[in-house]
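This report describes a sheet, a chain contact, a domain division and helix packing, in that order.

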Amino acid sequence: MSLIVAENISKDYQVVAIKVTKDYGAGENIVRALRGVSFEIEPASFVSFVGPSGSGKTTLLNLIGCLDKPTEGNLSVVGMDVLKLNRHESAQFRGDNLGFIFQDFNLIPVLTVYENIEYPLIIVKNTPAGERRKRVMAVLEAVGMLDQKDKYPDQISGGQKQRVAVARALVSDPKLVLADEPTANLDSKTAYTIIDLMKKMRNERKTTFIFSTHDQKIVGEAEIIYSLADGELVDKQVKGGKQNG
Amino acid sequence: MGNLFKIAVRNLFRYKRRTILTTSLIAIGVIFVLGYISISGSFKNMMIGQITDSMMGHLQVHRKGYVASIENLPLNLNLKPQAVKKLEGILSQQPEVEAYSPRIKFGGMFSTFVETTNVRLNGVYPDKEFKTVPLLASRITEGQKALNRGEILLPELLARGMKAKIGDMVVIVATNQDGSVNGKQFKVSGILESATGPGGRDGYVHIEDAMEVLRMSAMEISEVAIRLKDFSKGEAFTQKLDGLLSGEVNKEGKPALEVHSWQQLSPFYNIARMIDMMTIFIQLMLIAVVLISIMNVMIMAVYERIREIGTIAAIGTLPTKILSMFIMEGLCLGVIGVVIGNVIGLAIIFILNVSGWVTFDFGRQKGLVLSPTLDPMNMLVISAIVIFVSVVASLQPALKASRMEPIKALRHV
């Protein structure tokens, strides 16, 4: 039974989850990754999901990111009931509303830093060239990668790659950025830099950031912390106080 | 589109060795096919030209049943003067016809006063015959390149066997259709090189001499050979002429005349068809090479980039775009291979033309120099086939990529 119960679904929330369950496998081999999870996330929040490995963090982020669908329950992301989206609509929805930052950076190796950031604007959003350049340059400057823009991913450091990934996630002005363990492959100093960068972007752009981590030091940087254990939400902390639903 | 192309090209250069090997394979296939088509096509066209321009003409008109009995040279199946007049009237009005030549074909005894043997002869109007089969003059290896009354053009083998020389007097004895025998003296004015095909070892006399030997009071023609302005329209004109002559009926009410294209008259047509068939098989081999090589490369490309596919799918790339990206890669491989293959293929064909290295023998004709030529349409068709097959070969891997679940793809190690 979840500790936190969403009262209502409203478009004022970026994410509303009501009794969301996710099962993998079938028959006797069924594995319940999430067990009736409910929560809401307000716009421009800086939210973290924490928990040990296997607690359901990644599964939850995948559901919010419309990469997967809940087995049961309701899930609204940016006002959209994601259960109603088909494969094509999910892709379109992700392109229009969401940004992703991956643990392994997942930059496209054949494209330069500039082109990697430009990619969603070309392939996903069909943004005109002039507008594209303006937005890429702005976001490159914001993440401090302007001088590295012509390098390929294998020519820059891990921290720089994640900066590029942050820039790529933000360039299309998404309402929500999802980051699954964004600092797991970085040293602690660089990890803080990336979290600071994400927070700075949230402050400047009012974009909602949701990230998962198991690093307790990094968790402290979030403003709202949801704790997961065995597929259930067991705790919610809001910076400056503790709230148990 | 431009960006898809850019990404596709960069992805191809990501695996340089594999790309080079695949495009080389395609290019070699294209070179081989272009070379084969140009050489075999040129050989075929040269031979067809030799046959039609040396003796046969592009098509022929006979009285019905004549061709079936042509080995006997039946004089009783010749066209009657009225039919000949009508036929000439029709032919002279056809814009497609460049020239035509009426012939009296007959067999007889050839005597040098020392030895006697058989001979097959064509009685022709020299001016009409030389226009209808323009290579006839070049077949005259000795003597004058003309034919006057009282003269005979002797086939080379006959002349050699009978030891007949230019200027010698010989006698032709023939039986006419009533069974009476007649003879006439001729002066050997030229020696004719043999040509492969029916009628390639026949001699020539003036048509009026033929009438005299055969004691014809009015001209009865065995066949009319026709030369067209455009050889490629032979089949269409054969049908047209067939239609125009269908009104000519015999006593049984059946068509009195038959029109035969060179394909129907020459056994070489079957060789030409076999060359075409082999060209198709060679093209099929090229298709197989392109299909297998590109499919292999694209399957590898998809397998190696599963996480990348997951990433681009996760950030919102539509499945159709992912499909296009991989098809574009296959297309680029095909296009690069085609361009390289065409350039090298054309260079090789040019070198073969300049050098004159390709020679061959055809029948008794020795050392014919082949000048390989390539119809631009053939090149376009080959290129289009390769590019189309490249796209088809990329389709399955591209579909696989586009249908990948992003979440599974992202988890792939």
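Which residue does A:S76 stand opposite in β5(A)? A:S76 stands opposite A:D81. The model is predicted; local features need pLDDT of at least 70, side-chain atom pairs count only at pLDDT 80 or more, and totals for chains, interfaces and linings use all residues. Residues are numbered from 1 along each chain as its sequence is written, while chains are lettered from A and ligands numbered from 1 in the order in which they are written.

**The sheet of chain A**

In chain A, 4 strands form an open sheet in the order β2-β1-β4-β5, with antiparallel pairing. Helices (H or I, at least four residues) and strands (E, at least two) are DSSP runs, numbered from the N terminus. Two strands pair if DSSP finds at least two bridges between them. The edge strands are β2 (31–41) and β5 of chain A, each of which pairs on one side only.

Strand β1 (residues 15–24) of chain A runs antiparallel to strand β4 (residues 72–77) of chain A, and 5 bridges join them. Within β4(A), A:E72 is the bridge partner of A:T21, and A:V77 is that of A:V15. A further 2 bridges link β4(A), again antiparallel, to strand β5 (residues 80–81) of chain A. The hairpin of β4(A) and β5(A) has 2 residues between the strands, and A:V78 takes a positive phi near 50 degrees there.

**Contact between the chains**

Counting residues as in contact if their C-beta atoms, placed from the backbone, lie within 7 Å, 19 residues of chain A touch 18 residues of chain B. On the side of chain A, the elements giving two or more residues are α2 (87–97) and α3 (113–124) of chain A. The largest share, 6 residues, comes from α2(A). By class, this side of chain A has 11 nonpolar, 5 polar and 3 charged residues. Here Ala, Val, Leu, Ile, Met, Phe, Trp, Tyr, Cys and Pro count as nonpolar, Asp, Glu, Lys and Arg as charged, and the others, Gly among them, as polar.

Chain B is divided into domain 1 (2–51 + 270–411) and domain 2 (65–255), with bounds from an automatic or database domain assignment. The C-alpha centres of these two domains of chain B lie 51 Å apart.

Two helix pairs of chain B share α12(B), and their contacts are classed below.

The axes of helix α10 (residues 268–304) and helix α12 (residues 319–355) of chain B come within 10 Å and cross at roughly 140 degrees. That makes α10(B) oblique to α12(B); angles under 35 degrees count as roughly parallel, over 145 as roughly antiparallel, 65 to 115 as roughly perpendicular and the rest as oblique. Axes are lines fitted to C-alpha atoms, for helices over the stretch in contact, and angles run from 0 to 180 degrees between N-to-C directions. Among the residues making this contact are B:V290 and B:I294 of α10(B) and B:F326 and B:E329 of α12(B).

Helix α1 (residues 2–14) of chain B packs against α12(B) at about 65 degrees, with the axes 9 Å apart. The α1(B) side of the contact includes B:L4 and B:F5, and the α12(B) side includes B:E329 and B:L333.

Conventions:
Two residues are in contact if their C-beta atoms, placed from the backbone, lie within 7 Å.
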